[in-house]
There are 2 protein chains.
Amino acid sequence: MVVKSLWLKWRDEARSTFLKDIEIGYADRDIVPIVRSIFEKCQHVFTISSCSGRITVVDAPYPWVRKEATIIFKKHTAVMPEEIAPLLEQPCTHRLWIISSGPIIHFVADSIDNALKLLSIARESGFKHSGIISVREDGVVVELISGNWISMLLRDADQVIIDRAALPRVLTIFNDNLLEGKQRLQKLHQLIASSSL
Amino acid sequence: MVVKSLWLKWRDEARSTFLKDIEIGYADRDIVPIVRSIFEKCQHVFTISSCSGRITVVDAPYPWVRKEATIIFKKHTAVMPEEIAPLLEQPCTHRLWIISSGPIIHFVADSIDNALKLLSIARESGFKHSGIISVREDGVVVELISGNWISMLLRDADQVIIDRAALPRVLTIFNDNLLEGKQRLQKLHQLIASSSL
């Protein structure tokens, strides 16, 4: 079970990292208010890593590949056709995928009970793929993943797969998906703020 | 904490459901060997729902939507261009998405320790989005999700988004992704069989 002093120590370290990330401009803007409010108000959970959702273009065999993947574009806010269109025409090593992903946040709870409380709030906020991923002396780690992840193949080696004329329409959908993730994050923020966590 | 008699009762019920699903041909073929072997050999975990991975075409605002979605095509094995091409030309209510998803399995463990053991095996087999989703008197429910999920927008209302000539190439990629999921399932099967679970 969790030793509270170790959990508090971890929380202090995580808070320092978060404050440093803000200072050097590393933190993604849309995540700052929720993480800050969790550190200020919550007595039973804190966050260790988080992303508010983003649109990326990756050169990779599959959009879920990490090792062989190169991120060639990344933005935490809506994208415009003129930002993406030129990427279609460049040669790529593997395949070009555009991905719009919702928020992902890792929390550390001070007990399994509080981890389960957080999971219930997560589900209510649309973070459907969430669960406890480790139970240690210094805390119970909970991964919250919003289910709204979409990908699209843009180019396979030398062949453009998407109808170029359809790009603006595709990006509208990918931007709307990004916004949906940010709304789930707001809901999560509100529910955590009004909980006993 | 888990009461073993309640866990055993749940296991008996789950086994009956599984056997009935096989009898009526409801169970997906590629999942049967692993689920059967888990019921036969494992003393600490059993499965309650599972999918070996599949390719679907859905008519939905987003590929992750459940409520407003209509599945218009579903197959647990590789698909051919002639199966998908005609779907492109039909009008749709929302949008037409093709999805290739890896396996998803829900397990019930008889303790948190065994749930964590299972999670460690899951991660080693490529089931990266996995976690404990509930802790109850009758068992600890663990969701195992293979990360290899890909989607592609085929049609948005009246507009075909994909270059029709590229469809065979796209389907090769989607079939390969399906196969990758089945291989992860094999690995999971082997690791569970040689574990103490």
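B:Asp110 sits in the loop between E5 and H4 of chain B (helices, H or I with at least four residues, and strands, E with at least two, are DSSP runs numbered from the N terminus). It counts as buried because its relative accessibility is 12% (buried means under 20% relative accessible area, exposed over 50%, partly exposed in between, with a 1.4 Å probe and protein chains only). Setting aside neighbours within four places in sequence, B:Asp110 is in contact with B:Val2, B:Lys4, B:Trp7, B:Gln43 and B:His44, where contact means heavy atoms within 4.5 Å.

As for the model itself, it is predicted, so to speak, with rules attached: local features need pLDDT of at least 70, side-chain atom pairs count only at pLDDT 80 or more, and totals for chains, interfaces and linings use all residues. Residues are numbered from 1 along each chain as its sequence is written, chains are lettered from A and ligands numbered from 1 in the order in which they are written, and side-chain values use heavy atoms, with hydrogens and water left out.

Next, the cores. The largest nonpolar core has 69 residues, and A:Phe107 and B:Phe107 have the most contacts inside it (such a core is a set of buried Ala, Val, Leu, Ile, Met, Phe, Trp, Tyr and Cys residues joined through side-chain atoms within 4.5 Å). Helix H4 (residues 112-124) of chain A gives this core its largest share, seven residues. B:Phe107 touches, among others, B:Ile38, B:Phe46 and B:Leu118. B:Ile38 is one of the buried residues of helix H2 (residues 32-41) of chain B.

Finally, the two chains meet through 43 residues from chain B and 43 residues from chain A. The rule finds four salt bridges across this interface (a side-chain nitrogen of Lys or Arg within 4 Å of a carboxyl oxygen of Asp or Glu). B:Arg169 and A:Asp158 meet in a salt bridge of 2.9 Å, N to O.
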